Amino acid sequence: MTDTLSRRELARLAVAGLVATAARAAPPVRPGRVGVARLAPSPGHAPIGAAAAERAVAAALAAATGSADGRAAVAALFRPGDTVGIKVNCLGGPRLSPRPELVAALAALLAESGIPAHRIVVFERSSRELARAGFALRRDGGPFLCIGIDNDYDREPSTSGEIGSCFARLVSTTCTALVSFGVVKDHDLAGVSAGLKNLYGVIHNPNKYHDHNCDPYLADLANHPFVRGKLRLTLLDGVVAQCHGGPAYRPDETWPLGAVVAATDPVAADAWAWRVIDGERTRRGLPTLAEAKRPPRFLATAQRYGLGVGDPAAIVEVRA
Amino acid sequence: MTAAFTRREFGIAAGASCAAALFRRPADGAPPAIGAPIAADEPPAREASWYRKLPEGRVECQLCPRGCQVADAERGGCGARENRGGTYTTLVYGAACALHIDPIEKKPFFHVLPGAQALSYATAGCNVECKFCQNWEISQFRPEQVRSAWWPPEALTAAARQRGLPLLAATYSEPTVFWEYVRDAAAAGRGSGVRSVAVSNGFIQEAPLKDVLPLLAAVKVDLKAFSERFYREVVRGELKPVLKTLEVIRASGVWLEIVVLLIPGLNDSEAEVRALVRWVRTNLGTDVPLHFTRFHPTYRLTNLPPTPLATMERSWRIAKDEGLAFPYLGNVPGHAGESTFCPACGYRLIHRIGFEVVENTMAGGRCSRCGRTIPGVWS
Ligand code: SF4
């Protein structure tokens, strides 16, 4: 068995996606609004129970969208014909990646809204990173698929502003809707790695685009039609966050933020993360990200592109 | 003609998935067999030779002028080097993603063993991102995204020797990013009569350049333009360090040739070409071969036409008018600009068509008619 989707599998998913495109209305976006649900870390890094994870994800979604509950929120954002790609950021390993239970909770809500399991695709750059973060790789069966991009990129590069990249075929071709499921952490070059930085994992050459605190590159990536036209939701596992030393996991730099975060505005989610990371850095006597010469400049650029609200002071945090 | 190794020799199985499954690194940590494909999720890691450690587990790469400062678990701009817990590692040592037998004229070297064949190798990765890269499918990808096979330095030189090839050429992508591999392959070849050459963008720091230069027989540098703006916008690099590299190589006595790819509207103006030629004449001398090659649309510059022949010929004339002894044209098969003429008497010494040497009348590094010394590596 290979680690990339076969052409037949892709074709099956793509056809479903095309059907979905025709039936879809524009999903609602709440600029500048971030929904935050409380979820305390469990002692000794034990997994969080499925029920608690489901409650937190549903509450964050409801708060982010103003919907009555998580199910209504998902129903407003996705259609049964969608093929939904959930990009998870597993670079930080098992202690600093989205918890599989939270991802499973989102997948369950998608399934409840009528999206079949084979059209819910959890993915990361490589199968290896997924496995290391505790995800069970799955190309068939189960409540959702879970696969690495591995080497399955478009044959030709595609340009947006300063970036020129081959996109994962999952993103360019297969999926009709995307979710960026990141974490809340400091990043040595970007300043913040939350929802937008996670998307570097969908192109083949992110290492080329880290100069100048990833600006304008991250904004250019988010502005590419493959992303801008499909990204419906950002979710962040902020149960444990990291304020310094990222992107790798540094236990001494983490703190129990105890939050699951959702936003339909992808820029706002990152601006919120910037705010809480700077808050924790200040509490610890560390320089702010701007003082440390890594402000997430890409947020202002993304705001200028009309992708969302990038000013941390302008973010409305709605607590569940 | 390019003679590729057969797939079997190169060691790549028919399907990528098969390769990954069959050729994983042995469980005891021993390297794979020579020529065996390297599992995509386990590129060989070896401590880099040119970097320094920074506080908090970060490192600073000291290989190319980008000087990437890299946090733990991250990679430098080339994608071929990774910080693993504060130790900077190269992920491409011995990991050849291309291995071919090419005429040396293809590099192009026109003053190095004319008509000789070179065992040419490359790994994934590059430290710049030229929008016109001909080999972007290996240079602009990370090692795990490209199929590579385990060819340690000694195996490369042994393969060259077995085939009677006098040269090993680090080429196709950017040798700077696999500089440790180049160094060790060149050292291994020295004792066995296989000389090494490198085909580089010249975007390298002085110390690693000087460390490896004595092991090389020749270097070809792509001088991409003569403006910082072009380097910034089209290459994502810098001109100044490349000019420094050219001076260092020239001063070292290692044979140097320069290639300029002329791209319509971007770097081919008469003024820019003249300024470039004058810089070469003033800083490197008149005897350095300067090749102008013709652009063909590719990668991210598919909107531009091939370079008009008139532009090529104008640049060739400028170089001659400014006193360069060995200007050449590339990618214009059959043109006189492909051949070597004696700068003293005008006699055609090496007649080339494309990469083929049709006739070579050189006499021991001299013009066979007037006796003028023709610089290069001739024997
Ligand atoms: S060789 Fe690679 S890692 Fe080193 S400075 Fe250059 S781009 Fe950065």
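Analyst: A residue is called buried here if its relative accessible area is under 20%, exposed if over 50%, and partly exposed in between, with a 1.4 Å probe and protein chains only. Helices (H or I, at least four residues) and strands (E, at least two) are DSSP runs numbered from the N terminus. This is a predicted model, in which local features need pLDDT of at least 70 and side-chain atom pairs count only at pLDDT 80 or more, while totals for chains, interfaces and linings use all residues. Residues are numbered from 1 along each chain as its sequence is written, chains are lettered from A in the order in which they are written, and side-chain values use heavy atoms, leaving out hydrogens and water.

In helix α7 of chain B, residues 228-235, the buried residues are Phe230(B), Tyr231(B), Val234(B) and Val235(B). They lie on the same side of α7(B), because they cover an arc of only 105° around the axis, the arc being that of the directions from the helix axis to the C-beta atoms. An α-helix has 3.6 residues a turn, so residues three or four places apart point the same way. On the face turned away from the buried side, α7(B) carries the exposed residues Arg229(B) and Arg232(B). The cover over the buried residues of α7(B) includes β14 (216-222) and α8 (239-252) of chain B, where contact means heavy atoms within 4.5 Å. After α7(B) comes Arg236(B), with a positive phi near 60°.

Elsewhere in chain B, 3 strands form an open antiparallel sheet in the order β2-β7-β6, two strands being paired if DSSP finds at least two bridges between them. Its edge strands, β2 (46-47) and β6 (81-84) of chain B, each pair on one side only. Between β6(B) and β7 (residues 87-90) of chain B there are 4 bridges in the antiparallel sense, and Arg81(B) has Thr90(B) in β7(B) as its bridge partner.

In chain A, Ser165(A) belongs to strand β6 (residues 163-165) and is buried, with a relative accessible area of 0%. The side chains of Ser165(A) and Asn205(A) are joined by a polar contact of 2.6 Å, that is, a pair of N or O atoms within 3.5 Å, of which, within protein, one must be able to donate a hydrogen and the other to accept it, residues adjacent in sequence counting only if both atoms are side-chain atoms. Beyond its neighbours within four places in sequence, Ser165(A) has contacts that include Glu156(A), Ile203(A) and Tyr209(A).
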